[in-house]
Amino acid sequence: MLRTTIPIYATGSFILSLLLFFCGIESALAKVYQPGFLQITIRDGTTGKSTPVRVRLTRAGKPVLSTSNQAVAVSYGLWDHADGYAFQPDSSFYIAGSFNLQLPPGIYQIALLKGNEYINQLHSLLIEPGKTLRKTYIMTRWIHMAARGWYSADDHIHIRRSPRENQPLMDWIQGEDINVGVLLKMGDFWETYYPQYAFGEKGNYRQGDYLLTSGQEDPRTPELGHALGFGATGAVRYGQNYYYYDNVFDELHKRGGLTGYAHQAESFHGYRGLTLDGLRGKVDMLELLQYCVSAHPLQTEHYYHMLDLGFPLTATAGSDFPWCGHDHDHGPPERSARIGNARFYTYLNKPFSYESWKASVAAGHTFVTSGPILDLHVNKALPGDRIALKQGDTVSIKAEAYGNLLQTPLNVLEIVAHGQVVGRVTKNDSGQSAAHLTITINLPSVAHGLWIAARCYGDSTQAAHTTPVYITIGGNGFHHPETVKKYLNKSEAYLLELEKELDIHRDNPEFRAWYYKKGLKTRIDETRQIISELKVKLIAH
């Protein structure tokens, strides 16, 4: 048999060559897979200064869950649990103006978002091995409402707050361009959640035209709905008399606060509570726009009910973060819970402050929105104003809606009087567009009082609605003579619903109305008396 002998020195050289070969490959691979670095700076187009924004980073359509040390993190979650920290429910995160991040090589997409008034940005980023990509982006507004005297607010944010959370939460609301963020302590029959370290001026944290303040969503019951309050010098809770919302409302008023019902009075039978307390004059406002009840955020049924009976209510709105979005998953940005996805604007005819803002909310100088901007003047009066006219006078109305063609395209603008559309334009009408809609009409020879509001719709998730202007004739109210009987009968039906609840002794500890039967029955009787008086006063005329 023929044998081939390989010299030992040759074998060693061969192995060394192989080692060098594979080391070269390893070195080359190391260079290919060596991480790159991203440095992002965000500036405001008006001020030129660094500004907070919300950032969403994706690769091939999937969120990148690498965390930057510069991400502004605050613990949040349902029932005050720690469900989230650095990332928002849609996998975005807030930054105070800049961030650095180490990333594997590849192509990424970065979305930069800053609330409704700023133009969203989407950019592609190429991260190369061992290299640093530096980018500076300028955020620009398509409209500047504060410059017009209108300041935005989200009245329904659930995050526990000590003084240590003030700055990061300030970055969050500035990242959504929310001028006033109302942090709500939440309660139920047993306990409270999302504590706030102080209320009133002591609980405020302000930077320029941005403000954090405290409020409460308490009481909350499945039979009467969820109460809302803010602006008071202290929280109010009566555990032994939990179902007597009016006691809480009266005390909040004494402490300088405003009271209302959340969730459009739709969920948790809030319309019962609104009837019981609203007809007795205990309620200042109604959360008119929100994503908790439906993907269509504007729900007006119970609002128009109270208005047509002649009871004024300020329209407000809030996100109910982190509870309410289209879902609570890490899904597309438009589907997730987010601070400011429902907000309201308040007009101030003086410099911005906590007191001036609160006074203007109380006066009803508001409109609610999930995107479109509204402007309404009735005989030059603003939403919330009251106008006294003589019978036969003419009412001049001008309404305008503003949108952005890319992110808030408008479809319809309507003027509503007593719940009926008296003026309507669409983007397809002559002189109108998806960026600007306008109506000017006159209502001649007005015979009786009425309320007038403007509302606007974009796509199915975008809507806006003003608080009404209230018109009285000859010192009478602004109720709707043609619907008073219908709505008083509905009010009675809601009271009957509640009475039936009082007769059911439930084992489920969430339902405790039966336990307060005597006190609630007294309040129902008081409300019935008011309904009887309104029938005599309003239907007879």
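Helices and strands are DSSP runs, numbered from the N terminus. In these terms, Lys282 is placed in the loop between α4 (270-278) and β17 (285-289). The structure described here is a predicted model.

The chain has an average pLDDT of 92, and 92% of the residues score at least 70. Over residues 18-23, however, the pLDDT is below 50, and this stretch has zero contacts in the model beyond near neighbours in sequence. The stretch 25-30 likewise has a pLDDT below 50 and zero contacts in the model beyond near neighbours in sequence.

Lys282 counts as buried because its relative accessibility is 18%, under the 20% limit for that class. With residues up to four places away in sequence left out, Lys282 touches Asp246, Phe249, Asp250, His253, Thr259 and Asp277. The C-alpha atoms of Lys282 and Asp250 are 7.1 Å apart in space, while the two residues are 32 residues apart in sequence. Two of the residues touched by Lys282, Asp246 and Asp277, also belong to a network of salt bridges that links them with Arg280, Arg523 and Glu526.

In total, the structure holds 26 salt bridges. One of them pairs Arg338 with Glu176, with the closest N and O atoms 3.2 Å apart.

A salt bridge between Glu499 and Lys521 has its closest N and O atoms 3.4 Å apart. Since Glu499 is in helix α7 (residues 484-502) and Lys521 in helix α8 (residues 517-539), the pair ties together parts that are 22 residues apart in sequence. Glu499 counts as buried at 15% relative accessibility, whereas Lys521 counts as partly exposed at 31%. Lys131 and Glu128 form a further salt bridge, the closest N and O atoms being 3.8 Å apart. Lys131 is partly exposed, with a relative accessible area of 47%, and Glu128 is partly exposed at 35%.

A search of the whole structure for cavities of 30 Å³ or more finds one. The largest cavity holds about 30 Å³ of space. Its lining consists of Phe199, Ser214, Gly215, Gln216, Gly229, Phe230, Gly231, Ala232, Gly234 and Leu252. The elements giving two or more residues to this lining are β13 (210-217) and β15 (225-230), and β13 supplies the largest share, three residues. By class, four lining residues are nonpolar, six are polar and none is charged.

How values were computed. Residues numbered from 1 in each chain as written. Predicted model: local features only at pLDDT ≥ 70, side-chain atom pairs only at ≥ 80, totals over all residues. Heavy atoms only, no water. Helix = DSSP H or I, 4+ residues; strand = E, 2+ residues; numbered from the N terminus. Buried < 20%, exposed > 50% of the residue type's maximum accessible area, 1.4 Å probe, protein only. Contact = heavy atoms within 4.5 Å. pLDDT = per-residue confidence, 0-100. 1 Å grid on protein atoms, 1.4 Å probe; cavity = no way out; pocket = protein on both sides within 12 Å on 5 of 7 lines; lining within 4 Å. Points joined across faces, edges and corners; volume = space filled by probe spheres on them. Nonpolar A, V, L, I, M, F, W, Y, C, P; charged D, E, K, R; others polar. Salt bridge = Lys/Arg side-chain N within 4 Å of Asp/Glu carboxyl O.
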